[in-house]
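This report describes selected helices, strands and loop residues of one protein structure. The sequence and coordinates are shown first.

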Amino acid sequence: MALMPRESAKLIARLSKNVSIEEGGVKNLACTILEGLKDHTINMNNFSSFEFHPSPEDPRAVNWIFVLDTLNYSFWTKKDSVAWTVNGHTGYFALCAAIKRALDEEKPIVDPKYYSHITRCDAEQIFRGDNETSIPLLDERVKSLREAGKILLEKYQGTFTECIKSSSGSAEKLLKLIVNDFESFQDESDYETYRVSFYKRAQILVADIWACFKGEGLGKFHDIDYFTMFADYRVPQVLVHFGAIRYSNPLLSRLQCDVELENGEDDEIEIRGCSIEAVEWVRDEVRYLIERYPNLELQKTDINAVLIDHFLWGYRREHAAQLEHIPFHKTRCIYY
């Protein structure tokens, strides 16, 4: 059995050879997070502010988010290649735009009765880009949809809402249900003599439900603090920028040479694990500052790893040009 993400990260950070967590950078980032809390730029409302995300009032919202996060992986572009774009959007937002376009064209892409039997031809049409570049890993995405749709139909009355209800308001319970039942969410690796996990997409699926419904109704989870950050390839780039993590010279050289890392190799595992642990340190530091300065009129519960991840991911998009010189690791897989 794999260690859960938080325990995995602590272990990886302790044993890591090529990635380290830097206390000075952690404190620097914590101060930036604190400013974001004070001016309310960091809050759970950011999910609904994007035009292609479903509204909580939309009866399709839960199944819509489930499809988005079933497909939320591997958008990076090889060096000197043309990016996949939809309506001018790149990456995850291109996926959001493609799903919204499909719904506008009355294709039932969020209905498991449809996508459990989706054809490659249908998927090509739904995820068509603005140019000749196709969405990465199209065949794997077709497989992910078919497998997920069949499980929903066989075990959960054809809706992810039933999964949420069966978790009794526990993010931990829902996370474990997703990982146990849906194969494409089983984001695990072997490191040293241990089985470790990251569960990036499974955690972000639950967190997106939480954010969409603003922590109420179907989005009410009493233990959302159980979650870590979502270990992908872009957030570590921001952590390096703030000095919260640092790469060894050999690893930095590999990344600067645009060497693709294999899913499950030590360098990839260390980047992801140390990113999780660094954000744990940042969260603890922010909470310490909130306790130390009660006149801030903030509560420790105002911040968690999910909100820090949202901030870091958004920061990367807003400061893309500024961060361009910092290499990010590239791993082509279905887990992130």
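## Basis of the description

The model is predicted: local features need pLDDT of at least 70, side-chain atom pairs count only at pLDDT 80 or more, and totals for chains, interfaces and linings use all residues. Residues are numbered from 1 along each chain as its sequence is written, and side-chain values use heavy atoms, with hydrogens and water left out.

Helices (H or I, at least four residues) and strands (E, at least two) are DSSP runs, numbered from the N terminus.

## Helix 14

Helix 14 comprises 14 residues, 305-318. Its first and last C-alpha atoms are 20 Å apart, close to the 20 Å expected at 1.5 Å a residue; the expected span is 1.5 Å times one less than the number of residues.

Among the buried residues of helix 14 are Ala305, Val306, Leu307, Phe311 and Gly314. The buried residues pack against helix 2 (23-38), helix 10 (200-212), helix 11 (235-242), helix 13 (266-292) and helix 15 (320-323).

Two packed helices are described by the angle between their axes and the distance between the axes. Axes are lines fitted to C-alpha atoms, for helices over the stretch in contact, and angles run from 0 to 180 degrees between N-to-C directions. Angles under 35 degrees count as roughly parallel, over 145 as roughly antiparallel, 65 to 115 as roughly perpendicular and the rest as oblique.

The axes of helix 11 and helix 14 come within 9 Å and cross at roughly 85°, so the two helices are roughly perpendicular to each other. In terms of contact (heavy atoms within 4.5 Å), Val235, Gln237, Val238, Leu239, His241 and Phe242 of helix 11 meet Asp309, Leu312, Trp313, Tyr315 and Arg316 of helix 14. For helix 2 and helix 14, the angle is about 95° and the axes are 11 Å apart; this pair is therefore also roughly perpendicular. Leu29, Thr32 and Ile33 of helix 2 meet Ile308, Phe311 and Leu312 of helix 14.

## Helix 4

Helix 4 (residues 91-104) has 14 residues that should span 20 Å at 1.5 Å a residue, and its end C-alpha atoms are 20 Å apart, in agreement. Because 12 of its 14 residues are buried, helix 4 is largely enclosed by the rest of the structure. The buried set includes Gly91, Tyr92, Phe93, Cys96, Ile99, Arg101 and Leu103.

The cover over these buried residues includes helix 3, strand 2, strand 3 (89-90), helix 6 (120-126), helix 10 and helix 14. Glu106 follows helix 4 and has a positive phi, near 65°.

Strand 4 (residues 188-191) and strand 5 (residues 194-197) pair in the antiparallel sense over 4 bridges; pairing requires at least two DSSP bridges between two strands. Ser189 stands opposite Val196, and Glu188 has Ser197 as its bridge partner.

The two strands form a hairpin with 2 residues between them, and Glu192 in the turn has a positive phi of about 55°. Strand 4 presents Ser189 and Tyr191 on a covered face, and Glu188 and Asp190 on an uncovered one.

## Loop residues

Asp80, in the loop between helix 3 (61-70) and strand 2 (85-86), has a positive phi near 65° although it is not glycine. With 79% relative accessibility, Asp80 counts as exposed. Gln157, also not a glycine, has a positive phi of about 55° and lies in the loop between helix 7 (138-155) and helix 8 (160-166). Gln157 is exposed, at 67% relative accessible area.

Glu22 occupies the loop between strand 1 (19-21) and helix 2 and is partly exposed at 26%. Not counting residues up to four places away in sequence, Glu22 touches Gly243, Ala244, Ile245 and Arg246.

How values were computed:
Buried < 20%, exposed > 50% of the residue type's maximum accessible area, 1.4 Å probe, protein only.
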